[in-house]
Amino acid sequence: MDHYDSQQTNDYMQPEEDWDRDMLLDPAWEKQQRKTFTAWCNSHLRKAGTQIENIEEDFRDGLKLMLLLEVISGERLAKPERGKMRVHKISNVNKALDFIASKGVKLVSIGAEEIVDGNAKMTLGMIWTIILRFAIQDISVEETSAKEGLLLWCQRKTAPYKNVNIQNFHISWKDGLGFCALIHRHRPELIDYGKLRKDDPLTNLNTAFDVAEKYLDIPKMLDAEDIVGTARPDEKAIMTYVSSFYHAFSGAQKAETAANRICKVLAVNQENEQLMEDYEKLASDLLEWIRRTIPWLENRAPENTMQAMQQKLEDFRDYRRLHKPPKVQEKCQLEINFNTLQTKLRLSNRPAFMPSEGRMVSDINNAWGCLEQAEKGYEEWLLNEIRRLERLDHLAEKFRQKASIHEAWTDGKEAMLQQKDYETATLSEIKALLKKHEAFESDLAAHQDRVEQIAAIAQELNELDYYDSPSVNARCQKICDQWDNLGALTQKRREALERTEKLLETIDQLYLEYAKRAAPFNNWMEGAMEDLQDTFIVHTIEEIQGLTTAHEQFKATLPDADKERLAILGIHNEVSKIVQTYHVNMAGTNPYTTITPQEINGKWDHVRQLVPRRDQALTEEHARQQHNERLRKQFGAQANVIGPWIQTKMEVLRKHFICWIDEIGRISIEMHGTLEDQLSHLRQYEKSIINYKPKIDQLEGDHQLIQEALIFDNKHTNYTMEHIRVGWEQLLTTIARTINEVENQILTRDAKGISQEQMNEFRASFNHFDRDHSGTLGPEEFKACLISLGYDIANDPQKKTGMMDTDDFRACLISMGYNMGEAEFARIMSIVDPNRLGVVTFQAFIDFMSRETADTDTADQVMASFKILAGDKNYITVDELRRELPPDQAEYCIARMAPYTGPDAVPGALDYMSFSTALYGESDL
């Protein structure tokens, strides 16, 4: 019995059954193989623009057989013979069989003559050998043979589906559910699997064949009726058709893997771009707020009223308590976001983020410094202005009181001095007029001090820039002019009286004495009333005690003043007695003075009424000052606790958590334990600090009470509210920055796959060679560096700065096993020190060591992924991007990819190579 089969060293080509040369195939199997093998051959021949109709006839001349092998192998065969003779046909078939043999397939019992003669059995056997070699051989699942691998693949893909049990390549496929399950597993939108029924195999098979041909480009190789009508479908036909599904879906899986890689890279890029946009907006908003606030703080234009200045103080208090604290948090959050973004960019091999001009972190810090400078002294200026306005109001009221009293006194004096009454008066009347004039001059002299006081007050109001100075100056000038005129008129009248005195000799001594004593006493009472009604401003208990003592001294003089009043009234009574006794013809009034006993008594009564009022005012002010002293002590007690508490927390933070508080790059480098332990300790420490916030708020409330009481100094504490606020804000900002630095180190470690031991080793090496705070190596430090490569360094003290200079970094790398030539070291320095500052930070050191020990996405990997999606083309089309990628990431690529300009470009072609390099900063995006 003759057989034909293919023999190879691999098991996947071992025949499962023999082909009988003399016996015919089972008619049903032969029909299935003819249809399946013909469809399989045509699925490849149509790529060359041809096809076959009869499998044993169309391959007889060997031409289409050679063409089929060229298409499926991608190689060129020997030039075929174009003759039509039998020898030419045999030559062509032999060339095809030789090519098959060259691929490691040993053909047994299959000769060129049998193919040329149209032997259907041998032709089908040859085609099956080709299918095994080029369609099934490469299928391998878990190191199984091709057939077993294909069967295992089918079993795994159909495992989740009910009523599907794939055990072979014949009867397991008769109900059609196996084919439908394969399609639904990979393309669930093509088949509604839930509506399929196991008892309707024809519908299931036709559905699978139609869908595969229409949507998967798999030709219809089988007939549903043949499979259903055959007890045991042909295994080779089923295997051939199923292998087409394997190849169709394995290609889709590669595309899906490539698409997933691109999606991952693009998602990272989109997230980073969003973070950049958020940073730009937050920075812009913060800078705009600073720009608007600085002119407000720099405005030192004083207001004219106390109410307006107190409103300014209230606005400033709202700014410090309500408006500025959120901006302090925004500034801190901006720095944290910037550091996190830069860390993410480094981890994803992206270039560092450079904010827009004027929006760097340093620019924001400079603007913030200008804000702090403008804010400095603004509150002190407000309080000084309030004191100044308070003083001005007091002086203005005092000026008005004194001016009113003086104007009341001078009212009518000019007219009196201009009278010509002495011309018709008797001698006694003249003498009376003269004495009266002398009394007036005494009174005028007594008022000289008041005029000088009025002028001095007006001058002080001008010096203090009183807003109503013009009206004050006009009134003062009017008083001074009037005073000068009174002096001139007084002198003129005296001269006239003295001329007349030679003619008149009678003088009434009693009236004169009354006038002389009544005038000073009246002036004293007016001064006393003025003093008793004078307003006062004090800020301490000592000041109010001084006023009280002075008032008590004044009250002690009242008995003597009362004796003087009685004496003056006695003189008046004596005059009345003489008039009554001698019936003197008097005009009824004292010619020497206008001060009557009734006026003296009235003013005396008024003085007696003002004394208890003054007592009450002083008592009330004394109580207010005692209340203010209690507020000072209350604030001082709390400030003396909170201030040292903040200082202690800062010292603990400096001592146990950070090395150099002013160098952000060194934060947390000196902490012990794992990064997670450090982060946990820092967050617990932050929570303990935040829990102290109610005491700060309580102190703010006490401070507000002090300001509302207009208390300007406090001898019970050296701490001001501003000191407490600055210390609190610095404490919160420092702990937040420290936590962010540790989080970034954790992010770096986890993203790069660095173990805790590696991180500790990197940190120890870095710290060992970071010896000098100046940023350069001195002779002794360099010697210590050399000794570290093999000598004892245990007694060498080290200083940690968080950065290494060039020589430090080279020694560190060599100590860890790197062989550094000059060119290689220059390349590494360009990576860790791109700005050529001559120093290497700890973060840059960790990034370099991470890059040396971790695997990350590269531009070449992304480029290879795009090439898979593009079907090995050097460009990719818009349709391919939209088919393989999610919509948002497909549009992201389309918007940023440049047109492809290569020699094989087609309309709409996009350059994915330049786009891939741009993602990693190797070119412009």
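Guide: Here is a short tour, from the overall build to helix packing and salt bridges.

Visitor: Where does this model come from?
Guide: It is a predicted model, so local features need pLDDT of at least 70, side-chain atom pairs count only at pLDDT 80 or more, and totals for chains, interfaces and linings use all residues. Residues are numbered from 1 along each chain as its sequence is written, and side-chain values use heavy atoms, leaving out hydrogens and water.

Visitor: How many helices and strands are there in the chain?
Guide: The chain has 34 helices and six strands. Both are DSSP runs numbered from the N terminus: helices are H or I with at least four residues, strands are E with at least two.

Visitor: And what share of the residues is buried?
Guide: Of the 925 residues in the chain, 46% are buried. Buried means under 20% relative accessible area, exposed means over 50%, and partly exposed lies in between, with a 1.4 Å probe and protein chains only.

Visitor: What about contacts between residues at least 24 apart?
Guide: Taking contacts between residues at least 6 apart in sequence, 75% join residues at least 24 apart. A contact means heavy atoms within 4.5 Å.

Visitor: Let's look at helices. How do α1 and α6 pack?
Guide: Helix α1 (residues 27–45) and helix α6 (residues 120–136) pack at about 50°, and their axes are 11 Å apart. Axes are lines fitted to C-alpha atoms, for helices over the stretch in contact, and angles run from 0 to 180 degrees between N-to-C directions. α1 and α6 are therefore oblique to each other: under 35 degrees counts as roughly parallel, over 145 as roughly antiparallel, 65 to 115 as roughly perpendicular, and the rest as oblique.

Visitor: Which residues make the contact?
Guide: From α1 they are Glu 30, Gln 33, Arg 34, Phe 37, Trp 40 and Cys 41, and from α6 they are Ala 120, Leu 124, Ile 127, Trp 128, Ile 130, Ile 131 and Ala 135. By class, the contact of α1 with α6 has ten nonpolar, one polar and two charged residues. Here Ala, Val, Leu, Ile, Met, Phe, Trp, Tyr, Cys and Pro count as nonpolar, Asp, Glu, Lys and Arg as charged, and the others, Gly among them, as polar.

Visitor: What about α31 and α34, at what angle do they cross?
Guide: Helix α31 (residues 859–869) and helix α34 (residues 912–919) cross at roughly 150°, with axes coming within 8 Å. That makes α31 roughly antiparallel to α34. Their contact has eight nonpolar residues, two polar and one charged.

Visitor: New topic: how many salt bridges are there?
Guide: A search of the whole structure finds 44. A salt bridge is a side-chain nitrogen of Lys or Arg within 4 Å of a carboxyl oxygen of Asp or Glu.

Visitor: Which partners does Arg 197 have?
Guide: Arg 197 forms a salt bridge with Asp 199, the closest N and O atoms being 2.6 Å apart. Arg 197 also forms one with Asp 200, at 3.7 Å between the closest N and O atoms.

Visitor: What about Glu 288 and Arg 292?
Guide: Glu 288 forms a salt bridge with Arg 292, with the closest N and O atoms 3.9 Å apart. Because they are four residues apart in helix α11 (residues 235–298), Glu 288 and Arg 292 are separated by about one helical turn.
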